[in-house]
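Some notes on the model follow, in numbered points.

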Number of protein chains: 4
Amino acid sequence: MQQEILDYVDSLAADLQHWRRDLHHYAESGWLEFRTATLVAAELHRLGWQLQMGREVISAEHRMGLPDAATLQREEQRAIEQGALTEWLPHFSGGFCGLVATLETGRPGPVVAFRVDMDALDLNERLQDDHRPFRDGFASCNAGMMHACGHDGHTTIGIGLARTLMTFAAQLNGTLKIIFQPAEEGTRGAKAMVEAGVVDEVDFFGAIHIGTGVPAGELVCGCDSFMATTKLDVDFHGVASHAGGRPEEGRNALLAAAQATLALHTLTQHSGGSARVNVGVLRAGSGRNVVADRASMKVETRGGSNQVNDDIFARTQQVIAGAAAMYDVEHHITLMGSARSSQPTAPWVRFIRQQAAQIAQITSRVDSKNQAAGSEDATWMMERVKARGGQASYLIFGCDLSAGHHNEKFDFDESVMATAIKTLTLLALNIDQYREEEK
Amino acid sequence: MQQEILDYVDSLAADLQHWRRDLHHYAESGWLEFRTATLVAAELHRLGWQLQMGREVISAEHRMGLPDAATLQREEQRAIEQGALTEWLPHFSGGFCGLVATLETGRPGPVVAFRVDMDALDLNERLQDDHRPFRDGFASCNAGMMHACGHDGHTTIGIGLARTLMTFAAQLNGTLKIIFQPAEEGTRGAKAMVEAGVVDEVDFFGAIHIGTGVPAGELVCGCDSFMATTKLDVDFHGVASHAGGRPEEGRNALLAAAQATLALHTLTQHSGGSARVNVGVLRAGSGRNVVADRASMKVETRGGSNQVNDDIFARTQQVIAGAAAMYDVEHHITLMGSARSSQPTAPWVRFIRQQAAQIAQITSRVDSKNQAAGSEDATWMMERVKARGGQASYLIFGCDLSAGHHNEKFDFDESVMATAIKTLTLLALNIDQYREEEK
Amino acid sequence: MQQEILDYVDSLAADLQHWRRDLHHYAESGWLEFRTATLVAAELHRLGWQLQMGREVISAEHRMGLPDAATLQREEQRAIEQGALTEWLPHFSGGFCGLVATLETGRPGPVVAFRVDMDALDLNERLQDDHRPFRDGFASCNAGMMHACGHDGHTTIGIGLARTLMTFAAQLNGTLKIIFQPAEEGTRGAKAMVEAGVVDEVDFFGAIHIGTGVPAGELVCGCDSFMATTKLDVDFHGVASHAGGRPEEGRNALLAAAQATLALHTLTQHSGGSARVNVGVLRAGSGRNVVADRASMKVETRGGSNQVNDDIFARTQQVIAGAAAMYDVEHHITLMGSARSSQPTAPWVRFIRQQAAQIAQITSRVDSKNQAAGSEDATWMMERVKARGGQASYLIFGCDLSAGHHNEKFDFDESVMATAIKTLTLLALNIDQYREEEK
Amino acid sequence: MQQEILDYVDSLAADLQHWRRDLHHYAESGWLEFRTATLVAAELHRLGWQLQMGREVISAEHRMGLPDAATLQREEQRAIEQGALTEWLPHFSGGFCGLVATLETGRPGPVVAFRVDMDALDLNERLQDDHRPFRDGFASCNAGMMHACGHDGHTTIGIGLARTLMTFAAQLNGTLKIIFQPAEEGTRGAKAMVEAGVVDEVDFFGAIHIGTGVPAGELVCGCDSFMATTKLDVDFHGVASHAGGRPEEGRNALLAAAQATLALHTLTQHSGGSARVNVGVLRAGSGRNVVADRASMKVETRGGSNQVNDDIFARTQQVIAGAAAMYDVEHHITLMGSARSSQPTAPWVRFIRQQAAQIAQITSRVDSKNQAAGSEDATWMMERVKARGGQASYLIFGCDLSAGHHNEKFDFDESVMATAIKTLTLLALNIDQYREEEK
């Protein structure tokens, strides 16, 4: 039986490639996955999955880093022109491009959920012959949006998994869920889905990623090295005046930002582990001879533990408020993203490791991955699942890359998609063999 | 005779309005006055003035704040489309839009020179019915360029003056010059003309401005309150790195800029008089999670005296170099403009006052103007004239304004143009009455 | 008659020298003039002046920069050992070393008041033979206290004036007052006397100084160049922690002080005139490996006008509060001194000039003095007198100095004291000749 | 035999207490251990150990954080008055208070060396009845010096160990060394001994500490958590000027220090592990109204690895030089101390663990200790021993403390001294049982 399933997945290769390249071509950045979401919805509906969509699975008020209304509208229009299915679009309109597909087997068993993400990066793809997507005609046709992190692959894995599980639904027990998340880049989307309750009933949870420097053939069964992070935009608003003629009438937002910047970078000594602050972008002032009345900063904090990040974020807010007060300017902080640090649950990691041993393409299995220093908002889902007594892990499927993630030349070996589908399928198929205690 | 001349100027009113409104409509920013310069050249050539143009009157290496080559090329093309005279254009091509017109009377006498400026501001003009230039159809047709400081009027005064002087050339003695300067905004253009030697033989020099808050009917005969200033662009160039993963590999240009900003603003205590520094614009960094490898600042220094400004500018350079060294980043300073503080010469101011007394439209005459705190690069010309033993002054012709200078609603009472032409004409006409000593 | 008076003053020379050298030897710093005050009190009482002393003429709550209680007690004891007169000491005990002497002539006439100050500087006097006070045995015997500004001379002038006026009391009209002020250094004492009302009834007020770079023989009749100033001590109080082991538990007062310092020095651009801020002293932290929980700063602001200083002081308080908030530390500001900018009243300056013309030793008279940039708290008295309709000025008697003020080698030509007494006496004697309008 | 030795150590209890309390009473801070060193020298000479002293074991040029000459001289005098043995004193005079005692058994075998330190802290001991040393009459009689870290115990352990080893010398093989180090506080002394070559021939090295939060009865066999550190003093030297009158003539050392302080605290983000910078003390300026010409800072850097600390120290130097350049002031950096991070060698740690198992008082043995974040300069010795092929470890003997280290109420349970002597004696006695490979 199991071999039949693995063979079935192999048979999907051409379809997977087709899907992935289509998604790659029509890359859509976070909260703007209008075309992507309608195609996923149509396909999973066709396969027979029950769907929850848009506001059902995304808490409006917990969305972070949402594009402005004009952008949302313009991009929805663009999506329509690029083939978004208008019968499904209303669900996602206004920046609600997430969906959860559910398969109730009718047989007893746990709820097993997998999360994939769908968004591209705000990046221009390389349009040169040394880059396969361009050479083969599937480079992004959307300026400033590129699948340079592999989420096109993730979404495709989700679709392939949906097809496989439905095909072999008779062999499954309990409930299966596939979560298609928007806006993972910038760690903006997961929290809003968690707040909508999408993982509240989940017993076993797995989020996935491909690549990330893991060698081809290797599976990281329980990545535990994500840093907790908070992303924030800061605006200072003062009073402009002529710098030569009436300097004392100005309230200098640029100076407030400069002071805040220096102070923020002094916050990173913490005995609890790694601590980071970065003022990555600063824009201030309008003219050489004008006291700057506006300054904005893009800031992120990170911590090796949730506590460290929470501490630093609390102090970050103090610093910003104090710097504004120093220069008698107003300030505003907008939360743009956040993720948690999260430890995978050990028995579930062991189970993943056992199941993966049955897949020929996986030649090496490790429990964890050192020194990532990256962040991932699936951690919000992991933490919620664990808080409610479930098991959670984060799987990384190693594969060959043409360039590092977030690079304009990023591309990946598409065979990893089948490997991932096989792994997730076996986890669902054999979940009744899961044991809490180590043998 | 004199009354005849004054009447003649009054007869030019319609022509002056026409000229001014044409220039206003086709506003051209600093170093981009291609159309303007060709029209001035053609008209003065027609009148019989000898012309020196472009590189003859502008030292290429001393130009400051020049737009980039692409902009120069694009705007020259735009000028052609808007009626620039292609037979004259080669003189000005590449950002050399200045000219000096000379009238040798053949009779003994001093060299008397007047300067007018031709550039618009980088500003969008108000396109609403409450703004006369829009209502009457002569608002700027060039986005981001607007005559909001009155230089359209100044250029027109120059043309009207040329016509008047040529008409009455038989009554004049010595040599007359009219200097049409580009790029006064940002104090970028005058020094390059001075370095080309355009005022080296001048005995009597007058630069003019209209408005600036001086009441209609009043003439400031010797404005002495301009602050010396230096405009500079600063670039810091460091090394980017992932702020979470490899922070120690970054060399943070944003932090260098923040330190420099604070330090620059501490330099303004000076016993020699008013002292100013402004970091008006700061742009740094590319992404929230990237250690910023680039930062740029638009800075200006000012001083109530040349010494104060020179002191502050010297320390500004130290601060910037030191801040770069602190963070192990490179830095580059580009001079973008500069002007001097300059005291008018007293006998010449007295002479201006006497002559102006004969003009009915000038109902009040004052020697100086308090507390401007602005800057003006005609001061470079004044200082050069004085250094070579000449007399120099700066005249401001009061007039009603619809809004402050540099405002999108700026407009002025066009009758001031005739008043200015009359004044300058009398100065030229009666220069033989000039006496060094006060009577 | 007048010559008789001038001759009388000349006859005091030996006494004046004796007084001055005694005061110089027993130099007493601000608020610690216990011995000085008792000697002045005894002498003026002997002469027949009415005395108001201590709390009668000093508002306790308005004293600034008072030494701590232990110092006050110790120095009072020291004063007793050095000959302070214990019958008068209770009036001044606890830091109330001021007195006002009044002579009511019983004849109609205005209230004329002169102020002298009595305090030494916190400085060690030079104890070398190249310094006359040491050579002649009257250098300060009190470590850390030295009359290096000439207030010993001022006090002596006050005493000599008291003697002269009483001797010729029959020729005087109205009311005469001599104000002996403590703690002028640091501009700490005058406000407390003003708040006690000592100049509320004064019609003509003159404060004096000797030296200050004015040439011997010259009198500045109306010094107008004092800057308004505020002196403040700032304390930040955070939380200490081990810098290696628990950095996040610290609340770093040193960093707050560093941020505040930079920000304070950015406040000095003002179109209203000269503006100054100086963080002159910063002391922070207790150990290399401890997050600093304490920081203190000695700060002063100055302004060419009262408005400028008030603006800067207001912003200074904002900066300090904001910096403290940035680092979550507490802060406390203590007012340590203050003085005003004050313009002398013109008719009174003219009168001073006229009267001084009759004194042979005054060979040059000028109205004002340029570019002092110093501060003086007699300005509080001037402003109060003017606010209540009186006339006020500040007189500087030029004299030869051995070194600049506040220098360990400071000494002055003692003959200036008689000149000052003569001048003030003539002002009192001839006050009935005062005319409001210029002749 | 072994039991006999252990019993012998128990018999020393009264002597150990006597020694320790004498050292505690005459506490001597780093580089000033004159009395202590002479007493140790006399006793070990008496026992028959060969001694190397002073300049033989301390490289003059590598001493860090040495007190000034006046202090050295004064404290040497003080030591004489307190019983320092003048026949031994010349060896240590001038700040060379270290010694190395050697016992050559004449039998083949390795060189085994143990290090103890002798210095007190710059701290006033609590003089209240709630503090045993005061109650029992052995509190420090030297103001500002207190054994608040247990080095009095360490020195006593060294002496007791010397006595024990000599008593049982016939049972020993190879060579034994005991290193008595000065100035461990501030990590100032070890490097100078290493540079003098004192551990160059050592095969097995152990440094010890008592307390540090380890529970009584527990032995940490190989503490591996010391942070690498560098201690530095920084001096900025500018130009003073009158802050009101001539601000532009000043070169502000205080502002340079403020900028440097902020920048130094931004250096602590490093992917290589914990990173620390602390400006613990800042002193700047002389008067409120004077531009500060002097500023000094006490700084330390730390790193979880030597690389991290080296990186941060390199950047620290850049920051300081750059800040000085910003304000045109001079700077000087003085190295005041340094220590390394060092991993104990595993086979030696295992051997220590095995031997300690034979000592009844040691009820718990652990290999390492988490999260100390402290620093210790014995690491310089460990690194040198390892670099030359030897084995090195750092042992911590848990014991009850009355208060934390560096606290004015610090005291410890003196029975830990015998336990330490027993452990070190067994290591020496049984060194022939040492095996490289784990069994």
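**Notes on the predicted model**

1. Domains of chain A. The domain assignment divides chain A into domain 1, made of residues 2-226 + 340-433, and domain 2, residues 228-338. This is a predicted model, and the points below should be read as describing a prediction. The C-alpha centres of domain 1 and domain 2 of chain A are 34 Å apart. Domain 1 of chain A puts nine residues into the contact, and domain 2 of chain A puts in twelve. On the domain 1 side of chain A, the residues that touch domain 2 comprise one nonpolar, five polar and three charged.

2. Overall form of chain A. Chain A contains 13 helices and twelve strands. Along the principal axes, its C-alpha atoms fill a box of roughly 85 × 50 × 40 Å.

3. Chain A against chain B. In this interface, 36 residues of chain A are in contact with 36 residues of chain B. On the chain A side, the elements that supply two or more residues are α9 (253-264), β8 (275-284) and β9 (294-303). Of these, β8(A) gives the most, with eight residues. The side of chain A that touches chain B divides by class into 16 nonpolar, 13 polar and seven charged residues.

4. Chain B against chain C. Here nine residues of chain B are in contact with eight residues of chain C. The chain B side has two nonpolar residues, six polar and one charged.

5. Two packed helices are described by the angle between their axes and the distance between the axes. The axes of α10(B) and helix α10 (residues 306-326) of chain D come within 7 Å and cross at roughly 175 degrees. The two helices, α10(B) and α10(D), are therefore roughly antiparallel to each other. From α10(B) the contact takes Gln318(B), Val319(B), Ala321(B), Gly322(B), Ala323(B), Ala325(B) and Met326(B). From α10(D) the contact takes Gln318(D), Val319(D), Ala321(D), Gly322(D), Ala323(D), Ala325(D) and Met326(D). By class, this contact of α10(B) with α10(D) has ten nonpolar, four polar and no charged residues.

6. Helices α9 and α10 within chain B. How do α9(B) and α10(B) lie, parallel or antiparallel? The axes of helix α9 (residues 253-264) and helix α10 (residues 306-326) of chain B come within 9 Å and cross at roughly 150 degrees. Angles over 145 degrees count as roughly antiparallel, and α9(B) and α10(B) are therefore roughly antiparallel to each other. The crossing of α9(B) past α10(B) is right-handed. In α9(B), Ala256(B), Gln259(B), Ala260(B), Ala263(B) and Leu264(B) meet residues of α10(B), namely Thr316(B), Val319(B), Ile320(B), Ala323(B), Ala324(B) and Met326(B). The contact of α9(B) with α10(B) is made of nine nonpolar and two polar residues, with no charged ones. Val319(B), Ala323(B) and Met326(B) are among the α10(B) residues that meet α9(B), and they are also among those in the contact with α10(D).

7. Helices α2 and α7 within chain D. The axes of helix α2 (residues 13-25) and helix α7 (residues 151-167) of chain D come within 9 Å, crossing at roughly 140 degrees. That makes α2(D) oblique to α7(D). This crossing of α2(D) and α7(D) is right-handed. On α2(D), the residues in the contact are Leu16(D), Trp19(D), Arg20(D), Leu23(D) and His24(D). They meet Asp152(D), Gly153(D), Thr155(D), Thr156(D), Ile159(D) and Gly160(D) of α7(D). The contact of α2(D) with α7(D) has four nonpolar, five polar and two charged residues.

Definitions and conventions: Residues numbered from 1 in each chain as written. Chains lettered and ligands numbered in written order. Predicted model: local features only at pLDDT ≥ 70, side-chain atom pairs only at ≥ 80, totals over all residues. Axes fitted to C-alpha atoms, helices over the stretch in contact; angles between N-to-C directions. Helix = DSSP H or I, 4+ residues; strand = E, 2+ residues; numbered from the N terminus. Parallel < 35°, antiparallel > 145°, perpendicular 65-115°, else oblique. Left-handed = near helix turned anticlockwise from the far one by under 90°. Contact = placed C-beta atoms within 7 Å. Nonpolar A, V, L, I, M, F, W, Y, C, P; charged D, E, K, R; others polar. Domains from an automatic or database assignment.
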